Amino acid sequence: MNKKFWKKTIVTLLSAAMMLSCVITSSAATVSPKKISIKSTVTSMTVGETLELDSKITPAKAKVKDSNIVWTSSNTSVIKVLEKNDDDTKIKAVGTGTATIKVKIKGSGISSSIKITVKNASADTSGTALYKSYKETIASYKKQLKEVYSSIKETTPATTLVELRKQIKDFEYQFETIEDKLDTLEDKIERKYKAGKLTGNQYRKLDAKIENAEDYADKAEKYLEYKFGDD
């Protein structure tokens with residue numbers, strides 16, 4: 001075979017490889033979003049408060065431009081959306097009443113919403129009652145984590161890969177749900193402290209309890225990985 005033949009063959013193979021790479025890349029980039037949710041369990045705010053909200057798109061591999069994620073408020077005289085286009089936003093409570101905060105993916109029917117009631121700061125509970133309420137809530141979240149941990153210990157790993165992955169995903173979802181609640185509560189406690197509703201000592205104690213719960217969650221998740229394997 002002559003050199004010209006080999007050159008043509010190499011060029012053809014390289015071209016084919018580049019075309020295949022483009023097809024694979026294009027295919028990987030076409031993962032469509034199926035769901036969007038707001039990572040928050042907040043149901044109430046006080047006038048003057050601001051709150052950060054994050055969105056979560058499922059599946060995680062789906063790519064959506066920040067400009068196509070739209071946040072709105074059903075009642076801007078109660079809550080204003082400060083960042084209208086982004087994967088996260090800030091909202092501000094400006095008046096008493098109730099407003100629905102909605103996030104959607106532009107050009108699709110995919111959306112999610114939460115309802116928040118705003119009241120005057122003067123109508124808020126006292127610092128002592130607030131501290132006790134938050135303390136009890138953190139304890140309840142840690143109790144939930146302990147229940148998941150116990151369930152992992154009592155569960156026998158499945159023998160098939162499909163069922164094993166399902167077990168792992170189910171436990172991971174339970175951990176994620178509780179940890180999201182802890183994150184939301186942590187933000188709320190910080191806002192109350194900055195607003196003067198909690199003393200520095202109360203704030204530090206609550207922060208330590210949340211950190212303790214998060215450490216417990218890490219311990220439980222490591223045990224899940226140890227017992228069921230890293231999926």
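Trp71 is positioned opposite Val103 of strand β7. Strands β4 and β7 (residues 97-105) pair in the antiparallel sense over five bridges, where strands are DSSP runs of E with at least two residues, helices are runs of H or I with at least four, and both are numbered from the N terminus; two strands pair if DSSP finds at least two bridges between them. The model is predicted, with local features requiring pLDDT of at least 70 and side-chain atom pairs counted only at pLDDT 80 or more, whereas totals for chains, interfaces and linings use all residues. Residues are numbered from 1 along each chain as its sequence is written, and side-chain values use heavy atoms, with hydrogens and water left out.

An open sheet of four strands runs in the order β2-β8-β7-β4, with mixed pairing. From one strand to the next, the twist averages 25°.

Helix α2 packs against helix α4 (residues 200-228) at an angle of about 10°, and their axes lie 10 Å apart; axes are lines fitted to C-alpha atoms, for helices over the stretch in contact, and angles run from 0 to 180 degrees between N-to-C directions. α2 is therefore roughly parallel to α4, a term applied to angles under 35 degrees. The contact of α2 with α4 comprises 15 nonpolar, four polar and nine charged residues (nonpolar: Ala, Val, Leu, Ile, Met, Phe, Trp, Tyr, Cys and Pro; charged: Asp, Glu, Lys and Arg; polar: the others, Gly among them).

The largest pocket has a volume of about 440 Å³. A pocket is an open set of points, on a 1 Å grid over the protein atoms alone, where a 1.4 Å probe fits, with protein on both sides within 12 Å along at least five of seven lines; lining residues have an atom within 4 Å of a point. Grid points are joined across faces, edges and corners, and the volume is the space filled by probe spheres set on the points. Among the 16 lining residues of the largest pocket, Lys56, Tyr173, Glu176, Thr177 and Asp180 are the closest to its centre. Two or more lining residues come from each of β1 (35-38), β3 (50-58) and α3 (161-194), and α3 gives the largest share, eight residues. This lining has two nonpolar, six polar and eight charged residues.

The second largest pocket holds about 240 Å³ of space. Of its 18 lining residues, Thr43, Ser44, Tyr134, Leu185 and Lys188 lie nearest the centre. At least two lining residues are supplied by each of β2 (44-46), α2 (127-154) and α3. The lining of the second largest pocket divides into six nonpolar, seven polar and five charged residues.

How values were computed
Angles under 35 degrees count as roughly parallel, over 145 as roughly antiparallel, 65 to 115 as roughly perpendicular and the rest as oblique.
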